[in-house]
Amino acid sequence: MRKQVLRTQISTETTLPIHSHCKKEVISRQSYHTASLHAIEMSDAYSPHIEIQPDVHLIRGMNNARFPEANCLLINDKQLTLLDAGASIENITATVRHIGRKITDITQIILTHFHVDHKGHAAEIQRISDCDIICHPLAQKGIETLDGTVEFYGIKGHRYYERWREMIAMRMPYVIADYRVTGHFKDGETITIGDTQLIPLHSPGHTEDHTIFGINGKEILMLVDIDLTRFGPWYGNLVSELSKFRESISKVIELEPSVGISSHLIDPVSENLDTRLKEYLKVFDTREQRIIKLVKEGKNTIELLSKVPTIYPRIPYDAYLIFEEYMLIKHIEDMAKRGIAEFDGERIKIV
Ligand SMILES: [Zn+2]
């Protein structure tokens, strides 16, 4: 089996799951071990894609892959395959063109989970190429329609729901379409794409369906939304669960991968990956400690905590309060399970 471990510098880029049009950063080409990486064309001040293994290209999201963008992988093998479709359509198209192929040559899109920044342009690519869309069985409903997505988010009826819909209509109109899921992958069952193999590793917590992928083994992992950003883990949906998220990160640490590819960092992480993963895992505790402190100071409801805000460094749009609140609720539920906090009506009590 081909295996070529790439080496890149650690990306120190912070990625918040919020959108901002501000910063563009030039990435030094010298920072790459160039034997297996080829920076090809400049777009958005860095190359839209790099080859991370023979015929496996990382398509980078624009704006440093911050939400609503996310990186994808393009595998140019027997089947022209996309893993996720949430980078800009410009970067996806440029990458396909650079390797001498056309969008209509794409035969399958594998989706890591149902989130809008990951299913992204899959519906429009499917319309053009009639490709398959393959996902975890638990993802199907959330992928197929925006109503299904909303159901998994658990946000219908929230006072900021309409604001969220407005934001989607304005910034991600392409995800309002219906997606035709044509098949499922199974946890641990290798997907063979010519010479390239992807191993789906179901890693719930971020969402129930969230799946990471080993690329030609388990040393190089597409970590998806175990995203190693400074923001830390995100679990702001009905179908998110803290304890499962912790377990999934711990399992990745046990695998001792040499390279981790985040959906929201433009460079793969190879140096100090173990430390980075452990620091990422610690964010749950840091947030819990902050919640305990604030509750003791009198911020003892979800509303009061969300107004600080406690999880997000700032709330750029009202709609993000939905997710701030959800993440706080998930924390209190998790703490309640461990007997260290409880709800007394709306009030949170530390016990
Ligand atoms: Zn996600």
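Visitor: What is the strand order in the open sheet of seven strands, and what is the pairing?
Guide: In this predicted model, the order is β1-β2-β3-β4-β5-β6-β7, with mixed pairing; two strands count as paired if DSSP finds at least two bridges between them, and strands (E, at least two residues) and helices (H or I, at least four) are DSSP runs numbered from the N terminus.

Visitor: Which are the edge strands?
Guide: They are β1 (49-53) and β7 (183-184), each of which pairs on one side only.

Visitor: How many bridges join β4 to β5, and do they run parallel or antiparallel?
Guide: Strand β4 (residues 80-83) and strand β5 (residues 106-110) run parallel and are joined by four bridges; Leu 82, for instance, has Ile 109 in β5 as its bridge partner.

Visitor: And which strands does helix α1 touch?
Guide: Helix α1 (residues 89-98) packs on the sheet and touches β1, β2 (56-59) and β3 (72-76), its direction making about 155° with that of β2. Contact here requires C-beta atoms, placed from the backbone, within 7 Å, and the angles, which run from 0 to 180 degrees, are taken between N-to-C directions of lines fitted to C-alpha atoms, for helices over the stretch in contact. Helix α3 (residues 122-129) also packs on the sheet, touching β5 and β6 (132-135), and its direction makes about 155° with that of β5.

Visitor: Switching to the backbone, where is the cis bond to Pro 68?
Guide: The cis peptide bond runs from Phe 67 to Pro 68, with omega near 10°, and Pro 68 is found in the loop between β2 and β3. A cis bond also joins Val 308 and Pro 309, with omega about -20°. As background, most peptide bonds are trans, and most residues other than glycine have a negative phi.

Visitor: How are the residues numbered, and what pLDDT do local features need?
Guide: Numbering starts from 1 along each chain as its sequence is written. Local features need pLDDT of at least 70 and side-chain atom pairs count only at pLDDT 80 or more, whereas totals for chains, interfaces and linings use all residues.

Definitions and conventions. Two residues are in contact if their C-beta atoms, placed from the backbone, lie within 7 Å.
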